[in-house]
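Student: Could you walk me through this one, starting with the fold and then the aromatic rings?

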Amino acid sequence: MRANLISDQKFEDFKLHVEFRYQKGSNSGVYLRGRYEVQILDNDKSEHPSNVLYSGVYGFLAPSEINSKGPGSGRVMILL
């Protein structure tokens, strides 16, 4: 499923709170400002944090930790 939320309002700094659930083997993401993708990927949480794994800003910024409970569980991701 794809959905785009677009606003005419201008925002500078913001905090985004996203809750999601995914299936085993999933590879998806949340796009920010049409430019950056926060990765939602079913990778093992023991893998070293990377900018292309779960909760990384794809190709740009690695998370400080991979905070995942695995596929099928409820999630919360907070981006500052």
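Student: What does the secondary structure of the protein chain come to?
Tutor: The protein chain has zero helices and four strands, where helices (H or I, at least four residues) and strands (E, at least two) are DSSP runs numbered from the N terminus. This is a predicted model, in which local features need pLDDT of at least 70 and side-chain atom pairs count only at pLDDT 80 or more, while totals for chains, interfaces and linings use all residues. Residues are numbered from 1 along each chain as its sequence is written, and side-chain values use heavy atoms, with hydrogens and water left out.

Student: And how many aromatic pairs are there in the whole structure?
Tutor: A search finds two aromatic pairs, counting rings of Phe, Tyr and Trp (its six-membered ring) with centres within 6.5 Å, where planes under 30 degrees apart are stacked, over 60 edge-to-face and the rest tilted. Y22 and Y54 have ring centres 6.4 Å apart and planes at 45°, so this pair is tilted.

Student: Where do Y22 and Y54 lie?
Tutor: Y22 is in the loop between β1 (16-18) and β2 (27-32), and Y54 in the loop between β3 (36-41) and β4 (77-79), so the pair ties together parts 32 residues apart in sequence.

Student: Are those two buried or exposed?
Tutor: Both Y22 and Y54 are buried, meaning under 20% relative accessible area, with exposed being over 50% and partly exposed in between (1.4 Å probe, protein chains only).

Student: What about Y36 and F60?
Tutor: Y36 and F60 form a tilted pair, 5.4 Å centre to centre with 40° between the planes. Y36 is partly exposed at 31% relative accessibility, whereas F60 is exposed at 57%.
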